[in-house]
Amino acid sequence: MTNTDHPNQPNPPHLHTPVLCQEVIDGLAIEPNGHYLDATLGRGGHSRLILEAFPDVRVTGIDLDEEAIAITQENFSLMGDKRLQVWQGNFADYPGEIGEFNGIIADLGVSSPQFDVPERGFSFRHQAPLDMRMNREQSLTAGEIINHWDQTSLADLFYQYGEERRSRAIARRLVQQRPFETTTELAEAIAKCFPPKQRYGRIHPATRVFQALRIAVNDELGSLERFLEKAPHWLKPGGRIGIISFHSLEDRRVKYSFRDSLLLDVITKKPIIPQPEEEEKNPRSRSAKLRFAQRKPL
């Protein structure tokens, strides 16, 4: 899928521009005939960039979301590129082999298309069911947590996964007012736990609670920890792993996992962040942090 292979090929629908594009490509130091793992395939943005580096590069992509996989496979088929292989499931469960890949990239953010599809329930910008499942086959939803967990458990969840200082007050109000059926209904109840001046700032008062719910529904931190433990083994000596995180809970785990690994050397002492130009074009990139590490020689 190099630019020279298909100079007149129109862009297929549903293409997604990922964050930190050039920084990812530079950090992976892509090699000819290399095999790379895109552990969070989404709409294939990073995979597309990797494959454009050399005509003989291959990518294995992982995603939980069967809809995202179907769209991405269709896009690559339209572009005539057969170098992408897909594995559906949680990246922490991937049965990787020792020394399988020249490089690994994982973008831990929820993809923009998932946020923009109201029925997925990830955002309070649209009225939608309280869902938030990456894998729609699982039973646990955000609605199940909000409407059935006890007050203490909710407060702990909002504080630990959302770093929400008003966690107790929010949990108390939600338990009093439940059941909740939609994202907008829940967001409005959360906002009323804040003074009027704080309800209309740049960051919506419900943002941290929604983050906590999404993390819990999808076991994001547990999956990340298992992935960080396994992934270094899948790298060839000298191979690089890059992780893009979007909040401090993820970034701390990536930082300490890279630092403490017996298999890796840290490349980025401080995380790579987007340039002002990218932040202006894509406001969702503002909180992105990219860290790289390299597999030690045998």
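Where is the place of Pro179? Pro179 sits in the loop between helix H7 (167-177) and H8, where helices (H or I, at least four residues) and strands (E, at least two) are DSSP runs numbered from the N terminus. The peptide bond joining Arg178 and Pro179 is cis, with omega about 15 degrees. The model is predicted, so to speak of local features pLDDT of at least 70 is needed, while side-chain atom pairs count only at pLDDT 80 or more, and totals for chains, interfaces and linings use all residues. Residues are numbered from 1 along each chain as its sequence is written, and side-chain values use heavy atoms, with hydrogens and water left out.

Seven strands form an open sheet in the order E3-E2-E1-E4-E5-E7-E6, with mixed pairing; two strands pair if DSSP finds at least two bridges between them. E3 and strand E6 (264-266) are the edge strands, each pairing on one side only. From one strand to the next the twist averages 20 degrees, with axes taken as lines fitted to C-alpha atoms (for helices over the stretch in contact) and angles running from 0 to 180 degrees between N-to-C directions.

Within this sheet, strand E1 (residues 35-38) pairs with strand E4 (residues 101-107) in the parallel sense over three bridges, and Tyr36 has Gly103 in E4 as its bridge partner. Helix H1 (residues 21-28) packs on the sheet, where it touches E4, strand E5 (235-245) and strand E7 (289-295), and its direction makes about 10 degrees with that of E7. Contact here means heavy atoms within 4.5 Å. In the segment before H1 lies Leu20, a residue other than glycine whose phi is positive, near 55 degrees.

The chain passes from E2 through helix H3 (residues 66-78) to E3 in a right-handed β-α-β crossover: with the strands pointing away from the viewer, the path from the first strand over the helix to the second runs clockwise. H3 lies across E2 and E3 and runs at about 170 degrees to E3.

The side chains of Glu67 and Arg136 meet at 3.0 Å, N to O.

The axes of helix H8 (residues 183-191) and helix H9 (residues 207-217) come within 10 Å and cross at roughly 130 degrees. H8 and H9 are therefore oblique to each other, given that angles under 35 degrees count as roughly parallel, over 145 as roughly antiparallel, 65 to 115 as roughly perpendicular and the rest as oblique. Thr183, Leu186, Ala187 and Ile190 in H8 meet Val209, Phe210 and Leu213 in H9.

Methods: Salt bridge = Lys/Arg side-chain N within 4 Å of Asp/Glu carboxyl O.
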